[in-house]
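Hi there,

Here is the structure I promised to pass on to you.

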Amino acid sequence: MASHLQHRAHSFSSALLAAVLAVAVALSLPAPSAAKLTPNYYRKTCPRAAEIVTQVVTGKQIANPTTAAGTLRLFFHDCFVGGCDASVLISTNAFNRAERDADINLSLPGDGFDVVVRAKTQLEIECPGIVSCSDVLALATRDLVTMLGGPFYPVLLGRKDALASKADTVEGNLPRPNMTVSQMISIFAAKGFTVQEMVALSGAHTVGFSHCKEFAHRIYNHNNGGQNAFDPSMNPKFAEALQKACANYIKDETIATFNDIMTPGKFDNMYFKNLARGLGLLASDQLLMSDPRTKPFVQLYAANNTAFFNDFAHAMVKLSVYGVKTGRKGEVRRRCDNFNN
């Protein structure tokens, strides 16, 4: 698998790598820092860094197939709150309530945190104090997307880890399932992402699962809770199946269902095809199909998997350099869940 990933890395179009560097230089907010990132940052100090991450990630994903979606979500939640700086990995202590304990982050899956810790542990044996946790998370995310059949994209390296992580900075930076399309567009636009990039990144919901409480209002609260109590934009058989699956969700908060019921373990464009059939799980997903600003992109990606993969790869490259810290604005943590001092 490692050699396969490396082969795909070499064969990936030089045009995208050029685009990566252009993005790094041109992005409005993180320009000075992003411009300092380079694909070969660890070539002399830890030449096997990417290879070690790939090995650890591959073993973890085979043992725990939910790792990929969990890590992708963890990466997004990290980057959209203050930049891709591993601030979401910090543990809360008596003096500080960290990002991961913000309400919206409480459901982040343990497998995402675990794969970063495992990779970091191996890297600390190989080259202590060299590879940042934020670089580990960026590499692991890319490798896992590729393992599920998604697009390979280059990852620039040299991020430093955040020196702060506060739960009260999270709210308002991440999209929620009950948001309107306008609210979601605003959140992405504030970070320099276009509507098309937002729709492409939403395609990450082709993998993973959501807990019933995130969509319960869609399946129980319409028509005063009587017959056909589900959102009329939903496929009726799909809605009825969800009502049965989630029947006990108030007592058991762990009940969850796949975001993409057709090909839940494969990274593909099925998420977009599902929206056209009323098979979107979250309200915020299904709304993309009905809003004139987003619908054309949903239709494009449903019809053309290559277009989705190309746009998703470009959007992930742009996301991965958002708000990065370099130089003295960050540190290389020894442990990903604790600051160095």
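Val81 is buried, with a relative accessibility of 3%, in this predicted model. Val81 sits in the loop between H5 and H6. Leaving out residues up to four places away in sequence, Val81 touches Ser87, Glu99, Thr169, Val170, Asn173 and Leu174.

Under "binding site", an unreviewed UniProt entry lists Asp78, Val81, Gly83, Asp85, Ser87 and Glu99. These positions span 22 residues in sequence, but no two of their C-alpha atoms are more than 12.5 Å apart, so they gather at one spot.

Gly83, another residue on that UniProt list, belongs to the loop between H5 and H6 as well. Gly83 has a relative accessible area of 0%, so it counts as buried. Apart from neighbours within four places in sequence, Gly83 is in contact with Asp78, Tyr322, Gly323 and Lys325.

Lys325 comes up again in a salt bridge: its side chain meets that of Asp85, at 2.8 Å from N to O. This pair links distant parts of the chain, with Asp85 in the loop between H5 and H6 and Lys325 in the segment after helix H15 (305–320), 240 residues apart. Are the two partners buried or exposed? Asp85 is buried at a relative accessible area of 4%, and Lys325 counts as buried at 18%, the cut-off for buried being under 20%.

Ala86 lies in the loop between helix H5 (67–79) and helix H6 (110–126), and its phi is near 60°, a positive value in a residue other than glycine. For context, most residues other than glycine have a negative phi. Ala86 is buried, at 0% relative accessibility.

Now to the other salt bridges. How many does a search of the whole structure find? The search finds 15. One of them joins Asp114 and Lys60, whose closest N and O atoms are 2.8 Å apart. Here too distant parts of the chain are linked: Asp114 is in helix H6 and Lys60 in helix H4 (residues 49–63), 54 residues apart. Asp114 is partly exposed, with a relative accessible area of 24%, whereas Lys60 is buried, with 4%. Arg335 and Asp337 also form a salt bridge, at 2.7 Å from N to O. Through shared partners, salt bridges join Lys60, Asp111, Asp114 and Arg118 into one network.

Helix H14 (residues 295–303) is worth a look down its axis. Its buried residues are Val298, Tyr301 and Ala302. Viewed along the axis of H14, they fall within an arc of 105°, so they line one face of the helix. The cover over the buried residues of H14 includes helix H9 (195–202), H12, helix H13 (283–290) and H15.

Lastly, the surface. Phe209, Phe258, Ile261 and Met262 make a nonpolar surface patch of about 370 Å². Met262 is found in the loop between strand E2 (256–258) and helix H12 (270–276), and at 44% relative accessibility it counts as partly exposed.

Happy browsing, and do write back with any questions!

Best wishes

How values were computed: Residues are numbered from 1 along each chain as its sequence is written. This is a predicted model: local features need pLDDT of at least 70, side-chain atom pairs count only at pLDDT 80 or more; totals for chains, interfaces and linings use all residues. Side-chain values use heavy atoms; hydrogens and water are left out. Helices (H or I, at least four residues) and strands (E, at least two) are DSSP runs, numbered from the N terminus. Buried means under 20% relative accessible area, exposed over 50%, partly exposed in between (1.4 Å probe, protein chains only). Patches are made of residues with over 30% relative accessible area and no salt bridge: like charges are joined within 9 Å, nonpolar side chains (Val, Leu, Ile, Met, Phe, Trp, Tyr) within 5 Å. Accessible areas come from the Shrake-Rupley method with a 1.4 Å probe; for residues, only the protein chains shown count as cover. A salt bridge is a side-chain nitrogen of Lys or Arg within 4 Å of a carboxyl oxygen of Asp or Glu. The arc is that of the directions from the helix axis to the C-beta atoms. Contact means heavy atoms within 4.5 Å. UniProt positions are given in the numbering used here, feature names are shortened, and annotations may be inferred rather than shown by experiment.
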